[in-house]
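Work through the exercises below with the model at hand. Each task is followed by its solution in steps.

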Amino acid sequence: MNKFFRAFATSTVLLAAPLAGCDKRLDIEPFDTVLADKAIQSSADVESLLRGGYAVLGSIDLYGGRLQYVADLLGDPKGANSELFWQGTFAQPNEIYQKNIAKTNTFVAGTWNQAYQAINIANTVLANISKVTPAKQNRIIGEAKFIRGAMYFELVRAFAKDWNDGSPAANPGVPLVLTATNIINGVDATGSAAKVARNTVAEVYAQVLLDLLDAEAKLKPFASVSATSTFFATTYTASGMLSRVYLQQRNYSLATVEADRVIKSGVFRLITPISDEFAAKSNTNEDIFDMQVNVQSGTNDLNTFYSKNGRGGDIAVSDNFVASYDAADERGLLFNQENGNLTTKFDEIYGNVKVIRLSEMYLTRAEGNFRAGTNVGAEPFEDLNTVRERAHAPLLTAADVNLTVLFSDRHQELAFEGFYLHDFKRSGLAVGSLPATANNLVLPIPQREINVNSNLTQNPGY
């Protein structure tokens, strides 16, 4: 019997499940008030709930597209150096693009709510791990901790000051909730409302690393990409996410080590030509972690806003950015001009959303080695050339590599995949006329959360 999970932000969370013992006509409980201890009885129940966690990750508010395009809209410099244009009719994305976000922005609130829903699913899975078949427990723990660690990483870098902006030990991050929360009508089992204060940025990052490192250790390696292996967290998924976390912290040595671990596994390879990587309807050998999309389930909201096959191209690309690719670079062909310049990366309506790709690992290892002065796995120019060669872009020598080239290569390869704002912030680079530390480059805590939780503080500027 399937179990369904429902959550409302950090203040009201509950589990809901179909009625147990449906044949007992007088033994009836309200459909939407079944707590976790009654809804989860077996190993199969816990595994079903965990699968529900992945479904939440793939929602439009999270890795189904919103985490990616919000970071890129907010990170666009605008003006003469603009690379993206919001030309749609929705007010909420336009607020983000204009860097003038209302505290009631529903796109922002959706990301907050869904991220905490995924976290509470992970917490509930971990709280019921004793019900899982012993042989499966490490895998279930690893996957749940990956979900929780990834979501706290996304929350803290979206709703708080960057790790490199001021003091992480003093700056407010987001609330850390590490136990399952079963709340009906805003009141828990003790009769108290759940009101959680914000932990510091440093505390949130520490928890992110604890979760992802444990996930990496508990999840087993595998020999090759299968039809489903990239839709669930694996040891390589954890390593790939760890490389992002360390890179955001400017911990270049450890970012390099984690990226190198994925590359040296030999499991993944770059897909040639690059257009095939994005035209594929299923996962490819380049994909480390995907959100599954098909006719029956999943959503590719990048298709909705970027593609001619979605809303017709609400997000267009500037001529300057298209022209930044070398004439021989096949990545410069991943555009069409049907409604301004539109990227074709997300034209496949039922294409899986690619969260972590192998090319990112090469670029991270290149930058990490360059900044740390190391040569783990390869020299920086060799890793850049691996990515460039696949696209038939001009190759580099060691003397050609500098921070400008590293940033440009990363941006051209990973364009529209959600890296722009975060790369600007960790590099301390201005976003147009705004310094990387600008308050309006941080999302507001949703106003509803402030209203119902007196322990939450709003971000500066809102």
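Helices are DSSP runs (H or I, at least four residues), numbered from the N terminus. The model is predicted: local features need pLDDT of at least 70, side-chain atom pairs count only at pLDDT 80 or more, and totals for chains, interfaces and linings use all residues. Residues are numbered from 1 along each chain as its sequence is written, and side-chain values use heavy atoms, without hydrogens and water.

**Exercise 1.** Find which helix gives the most to the lining of the second largest pocket.

Step 1. A pocket is an open set of points on a 1 Å grid over the protein atoms alone, where a 1.4 Å probe fits, with protein on both sides within 12 Å along at least five of seven lines; lining residues have an atom within 4 Å of a point.
Step 2. Among the 15 lining residues, Arg139, Leu219, Lys220, Ala233 and Thr234 are the closest to the centre.
Step 3. Helix α6 (residues 137–159) contributes the most, with 3 residues.

**Exercise 2.** Describe how helices α3 and α16 are set against each other.

Step 1. The axes (lines fitted to C-alpha atoms over the stretch in contact) of α3 (residues 66–75) and α16 (residues 420–427) lie 6 Å apart.
Step 2. Their angle, on a scale from 0 to 180 degrees between N-to-C directions, is about 55°.
Step 3. Angles under 35 degrees count as roughly parallel, over 145 as roughly antiparallel, 65 to 115 as roughly perpendicular and the rest as oblique; α3 and α16 are therefore oblique.

**Exercise 3.** Locate the partners of the salt bridge between Arg426 and Glu367.

Step 1. A salt bridge has a side-chain nitrogen of Lys or Arg within 4 Å of a carboxyl oxygen of Asp or Glu; here the N to O distance is 2.6 Å.
Step 2. Arg426 is in helix α16 and Glu367 in helix α13 (residues 358–372), 59 residues apart.

Methods: Helices (H or I, at least four residues) and strands (E, at least two) are DSSP runs, numbered from the N terminus.
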